[in-house]
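Student: I am new to this kind of picture, and I would like to learn how to read it step by step. Could we look at it together?

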Amino acid sequence: MHEFLPYAWFEGKCIPFKEAKISIATHALHYGTAAFGGMRAIPNPTNKEEFLLFRTDKHIKRLSQSAKLLLTDISEEYIFKAIEEVIKRNKPEKPIYIRPFVYTSDLGIAPRLHNIETDFFMYCIELGDYLSPDGVSCRMSSWTRQEDRSLPLRGKISGAYITSSLAKTEASLSGFDEALLLNSSGKVSEASGMNLFIVRNGDLITPGVDQDILEGITRASVIELAKSFGINVIERPVDKTELLIADEVFLTGTAAKITPVKKIESSELNGERPIMNKLKSKLIEITEGRSQDYDNWVTRISLK
């Protein structure tokens with residue numbers, strides 16, 4: 001069971017989590033007509049009266065843009081106001097995961113996005129490691145990643161995550177930690193909720209945005225950090241067999257952070273990951289507010 005923080009944002013105000021309830025007739029519940037985000041926040045290691053959020057501006061911009069794909073307007077300023085108030089009200093003492101959610105709140109039954117009511121809520125849970133930092137095993141999913149021509153994959157649209165759910169459960173029930181999905185062209189797209197990177201001959205390679213991936217914020221951060229280290233970054237299609245002969249394979253995401261892949265199906269992967277470890281170490285330094293060069297990636301919220 002998740003440890004939900006006691007206060008949530010619901011219908012325009014901060015209220016007790018247990019009082020934030022929706023009707024069973026809610027449109028988004030039936031049709032997946034919603035968009036969500038995910039953000040990590042941690043106590044400042046040097047100031048327990050302050051919480052640190054990673055790349056807040058990027059997260060709230062993506063959520064606002066995702067809402068637009070569902071013909072809903074929600075300003076970045078409003079999202080940030082809700083985040084700030086919820087954190088101040090809860091006064092968390094451990095790392096948390098923030099889940100903002102824009103949804104069609106109408107009680108109608110027609111699948112549509114026009115002439116319909118929408119709303120916004122947000123809650124938080126305590127969250128440590130989503131995946132094992134020691135590495136995960138993956139299988140190739142029998143499910144195919146959706147195409148942008150069938151769903152707006154530039155947004156985190158909740159209905160799209162039925163494929164992720166099927167893939168994740170298939171992997172788990174067959175003895176693996178995670179699933180890797182191919183796109184309709186047979187190229188590697190992403191994991192159930194994470195982006196994928198490989199290292200070959202010193203190059204950092206990741207499927208490009210034309211491979212039906214979600215444009216991950218952690219992914220973009222890793223690419224920027226790699227370039228600052230002088231690492232050659234290539235965004236291109238990746239074949240399944242490349243994963244098996246790569247020097248390093250790892251996943252990135254808000255929940256997963258940077259997680260190594262140690263096994264794909266029956267193949268054990270190389271356990272030496274110098275490039276991943278360098279990137280992971282820098283990312284931790286930044287998220288903990290210890291990097292002056294990337295201090296603008298961190299938003300500080302006082303709990304006072």
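Student: Which residues in α5 meet which residues in α7?

Tutor: This is a predicted model, in which local features need pLDDT of at least 70, side-chain atom pairs count only at pLDDT 80 or more, and totals for chains, interfaces and linings use all residues. Residues are numbered from 1 along each chain as its sequence is written, and side-chain values use heavy atoms, with hydrogens and water left out. In α5, T218, V222, L225 and A226 meet L279, K282, L283 and I286 of α7, where contact means heavy atoms within 4.5 Å. By class, six residues of this contact are nonpolar, one is polar and one is charged.

Student: How is the arrangement of two such helices described?

Tutor: Two packed helices are described by the angle between their axes and the distance between the axes. Here the axes of α5 (residues 217-228) and α7 (residues 274-287) come within 10 Å and cross at roughly 110°, the axes being lines fitted to C-alpha atoms over the stretch in contact, with angles from 0 to 180 degrees between N-to-C directions. The two helices, α5 and α7, are therefore roughly perpendicular to each other, a term for angles of 65 to 115 degrees.

Student: At what angle do α2 and α3 pack?

Tutor: Helix α2 (residues 56-69) packs against helix α3 (residues 76-90) at about 125°, with their axes 9 Å apart. That makes α2 oblique to α3. The contact joins T56, I60, K61, L63 and S64 of α2 to E76, I79, F80 and I83 of α3.

Student: How is the size of an interface given?

Tutor: The size of an interface is often given as the accessible area lost when the parts come together. The domain assignment gives domain 1 (7-126) and domain 2 (136-288), and these two bury about 1,800 Å² between them, 65% of it on carbon and sulfur atoms; the area is found with a 1.4 Å probe and summed over both parts. F36, F54 and R62 supply 37% of the area that domain 1 buries against domain 2, more than any other three residues.

Definitions and conventions. Helix = DSSP H or I, 4+ residues; strand = E, 2+ residues; numbered from the N terminus. Parallel < 35°, antiparallel > 145°, perpendicular 65-115°, else oblique. Nonpolar A, V, L, I, M, F, W, Y, C, P; charged D, E, K, R; others polar. Domains from an automatic or database assignment.
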